[in-house]
Amino acid sequence: MVWVNDIIQGILIGGLYALFACGLSLMFGVMKVVNLAHGDLAIVGGYVAVGVITVTHIPVLWSFVIVVPLMAVLGYVLQRTVIQAALDRSILTTLLVTFGLSVVIENGLLEFFSANSHSLGVNNAIITSSFSIGSQITIAYLLLLIFVVAVVVLLGLQYFLYRSRYGRLIRAVADDQEAAQLSGIDYRHVFGIAAAIAFGTVALGGIAYGMYSQFAPTTGTDTILLFAFAAVVIGGLGSLWGTLLGGVILGVSQAIGAQISGSDEFLAGYIVFLAVLVLRPQGLIARRAQS
Amino acid sequence: MSEAQESGSEPILEVRDLTVHHGQLRALDHISLRVFPGEVYAIIGANGAGKSTLLRTIAGLNQPTEGTIRYDGKDVTRIRPERRATSGIAMVPEGRRLFGSLTVEENLQVGATYARTGPWTIERVYELFSWMKDRRAQRTEQLSGGEQQAVAIGRALVANPRVLLLDELSLGLAPVVVQRIYGMLPQILASGLTVLLVEQDVSQALRVASHLQCLLEGRTTLEGKPSDVTPEEVEAAYFGLRTAPAGEGSEEP
């Protein structure tokens, strides 16, 4: 029964990892940018939530209504300026630039919020309580909520990408930028929209993480970015539902690792990550070979 | 309309002294051309003559080092490719360049997203290529080369361009398929389009063109109406043989 509980916890935490990973995967799939600042942006989302809650006294669970649009706008602006400028030079430059962004964000947060940890909604009953099934299985409402949110976000993204006009343009630009230009599409604007979505989803992940655990300025790179990468690689680059599958597998292996020995939690996750990289480098849900 | 173009109406597309470099290599060397409304203007030449570079530069995908491109009386040399597309210059690029993960219909929908108003709709493209409607839900990756070429033409048409640039329609296609695709040209022209095409297949180009220009290593070696040039002249201009008479400025004013 202990194992069943572990696996359930692992699956649920996979939802959080999917929220971290889907934006990373989208930005790589559409504009071939590996955003090394992705984890820091989640944390920025968390800090913005702290600020927004302090100023407006909005309930924690509703803070995303303000934070997500703010981060989406930031995503569009950063993409159209700094990241696009890097892309115009070379794909490699985007690695340097997003790494630089990561350093700048981390130090900015240290300067502004200090190295102390923050968390969101410690006094909120929904966030801190849980329910039990039988004697061994305990499920936190928060984890269940995060998992549901992740599934809703992925469903929404899928609907947007495959049913809407802009989603179609995003897929077209991902396939062939020049051909898209010949159809009158400004791919830079489309890139901006994709970045806005990526920043919005990762901000949601950051808020969720702030409720689930606590974050400090360095949490973005030493935890979130790594988990996001692992989830994307396990699930398959460019695959939307792959990020959820990857997140779930990462979560379950961490839970099982922790059960074996407390210090093996993250090790187990990375062993699975490496095993997938060696045995099935295209990920479990492989996209078409072309991109 | 065809009478008007003879008596000195304004060219819809005018390229003057266009020079384009690929790094150190000079791909185009002071190329000029004037395309009048309703024409089928064919650029021929061997591999590496600069034909595709010329079309790509007109569409805005390559930047010239010298020279100007005027479309509809306005200088568009520094305008971004997507703005040229929405103002009425559409291109069917070499190698089709379809959106491979999208379906046939989605490819056409993307082409129609920023379309000008005009006679072409997705329905009309389905009428032109009768097989297409039944297979509109298929990914274009699964189509044959000829079918992909048809979708690429359809994607350009639904934008309702005034000038259609066709880059090597025959490339990699069986002769029968090429015949069939070029056979569609009269129906496309009937909607009032002007066509500037690039073709390696000289006989095909001669069959459809109202005006001919031959490039060799980035320079013009022959220019004129297909009826005014002899096969020997074309051959000489195409391969760069000595006997080629300079076609420069021999056009009527």
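Reply: A residue counts as buried if 20 or more other C-beta atoms lie within 10 Å of its own. The model here is a predicted one. A:Gly14 has 29 other C-beta atoms within 10 Å, so A:Gly14 is buried. The glycine is found in helix H1 of chain A, which covers residues 2–31.

What is A:Gly14 in contact with, leaving aside its neighbours within four places in sequence? The partners are A:Leu244, A:Gly247, A:Val248, A:Leu250 and A:Gly251. A:Ala231 is another residue to look at here. A:Gly14 and A:Ala231 are 217 residues apart along the chain, yet their C-alpha atoms are separated by 8.5 Å.

A:Ala231 leads on to the nonpolar core. The largest such core holds 165 residues. A:Phe20, A:Ala194, A:Ala231 and B:Leu165 touch the most other members. Helix H9 of chain A, residues 187–212, gives the most to this core, with 17 residues.

Leaving aside neighbours within four places in sequence, A:Phe20 is in contact with A:Ala42, A:Val202, A:Gly205, A:Ile224, A:Phe227, A:Ala228 and A:Ala231.

Conventions: Residues numbered from 1 in each chain as written. Chains lettered and ligands numbered in written order. Predicted model: local features only at pLDDT ≥ 70, side-chain atom pairs only at ≥ 80, totals over all residues. Core = buried A, V, L, I, M, F, W, Y, C linked by C-beta atoms within 7 Å. Buried ≥ 20, exposed ≤ 12 C-beta atoms within 10 Å, placed from the backbone. Helix = DSSP H or I, 4+ residues; strand = E, 2+ residues; numbered from the N terminus. Contact = placed C-beta atoms within 7 Å.
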